[in-house]
Amino acid sequence: EIAASGVNADITSMTALTAITGTITNDNAAAGKIGEVLESSIASGSAVSLTTATTANVTSISLTAGDWDVWGNVLLVSNVGTTTTRLYGAINTVSATLPTAPAGGGYGRWVGSITGIGETAGVNVLRRVSIASTTTYYLVANADFSASTNAAFGYIGARRAR
């Protein structure tokens, strides 16, 4: 039984529930509506240069107040002779800064040893955020490597959960 105060009628029982209808085409949810998606992608050809053991922003998105699922992936482009031994990827509200692990799931780490050219190691991250005002979320990367150079590219996306 449900009673609503300040309303002329009380709801005393519910005999049927109606499902919430989703879209039946390839459109997008409007801004501020459940299902709204915001995203930013940096391609491998536009990868951000890294300095060993130094956190850098790969890309970012600005989320309005609400409840969001935020996800991302960070990948590396290594040059010949570059040996990478560690890669961190994370979602953070602080620019060019790794959050404290586990950061609500928005913190990933790859450890190993890979040498070569091209796209190499990568990490995926996912976290829920609930915010009261517009906030920027950064996709950040940090790698340990020797010789030559490394660069990071990736994707960050968010879907309004409610």
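Reader: Which residues is Thr 84 in contact with, leaving aside its neighbours within four places in sequence?
Author: This is a predicted model. Thr 84 is found in strand β5, residues 83-92. Leaving aside neighbours within four places in sequence, its contacts are Leu 76, Ser 78, Trp 110, Gly 112, Ser 113, Ile 114, Asp 144, Phe 145 and Asn 150.

Reader: Is Thr 84 buried or exposed?
Author: A residue counts as buried under 20% relative accessible area. Thr 84 has a relative accessible area of 0%. Therefore Thr 84 is buried.

Reader: Which side chain does Thr 84 join in a polar contact?
Author: Asn 150 is among the residues in contact with Thr 84. The two side chains are joined by a polar contact of 2.8 Å. The partner is Asn 150.

Reader: Which side chain meets Arg 86 in a salt bridge?
Author: Side chains of opposite charge can pair when their charged atoms come close. For Arg 86 the salt bridge is 2.7 Å, N to O. The partner is Asp 144.

Reader: How many residues apart are Arg 86 and Asp 144?
Author: In the salt bridge, the side chains of Arg 86 and Asp 144 meet. Arg 86 is in strand β5, and Asp 144 is in strand β8, residues 135-146. The pair links distant parts of the chain, and the separation is 58 residues.

Reader: Is Arg 86 buried or exposed?
Author: The cut-off for buried is under 20% relative accessible area. Arg 86 has 13% relative accessibility. Arg 86 counts as buried.

Reader: How many salt bridges does the structure hold?
Author: Arg 86 and Asp 144 form one of them. Arg 128 and Asp 67 meet in another, at 2.9 Å, N to O. The structure holds four.

Reader: Why does the pair of Arg 128 and Asp 67 tie together parts of the chain, and how many residues apart are they?
Author: The side chains of Arg 128 and Asp 67 meet in a salt bridge. Arg 128 lies in strand β7, residues 118-131, and Asp 67 in strand β4, residues 66-78, so the pair ties together parts whose separation in sequence is 61 residues.

Reader: Is Asp 67 buried or exposed?
Author: Arg 128 is partly exposed, with a relative accessible area of 46%. Asp 67 has 6% relative accessibility. With the cut-off for buried at under 20%, Asp 67 counts as buried.

Reader: Which side chain meets Asp 67 in a salt bridge of 2.6 Å?
Author: The bridge runs N to O between Asp 67 and Arg 162. Asp 67 lies in strand β4 and Arg 162 in the segment after β9, so the pair ties together parts that are 95 residues apart in sequence. Arg 162 is exposed, with a relative accessible area of 60%. The partner is Arg 162.

Reader: Which residues does Asn 124 touch, not counting those up to four places away in sequence?
Author: Asn 124 lies in strand β7. At 63% relative accessibility, Asn 124 counts as exposed. Beyond four places in sequence, Asn 124 touches Gly 72 and Asn 73.

Reader: How many strands does the chain have?
Author: From the N terminus on, the elements run β-β-β-β-β-β-β-β-β. There are zero helices. The count of strands is nine.

Definitions and conventions:
Residues are numbered from 1 along each chain as its sequence is written. This is a predicted model: local features need pLDDT of at least 70, side-chain atom pairs count only at pLDDT 80 or more; totals for chains, interfaces and linings use all residues. Side-chain values use heavy atoms; hydrogens and water are left out. Helices (H or I, at least four residues) and strands (E, at least two) are DSSP runs, numbered from the N terminus. Buried means under 20% relative accessible area, exposed over 50%, partly exposed in between (1.4 Å probe, protein chains only). A polar contact is a pair of N or O atoms within 3.5 Å; within protein, one must be able to donate a hydrogen and the other to accept it, and residues adjacent in sequence count only if both atoms are side-chain atoms. Contact means heavy atoms within 4.5 Å.
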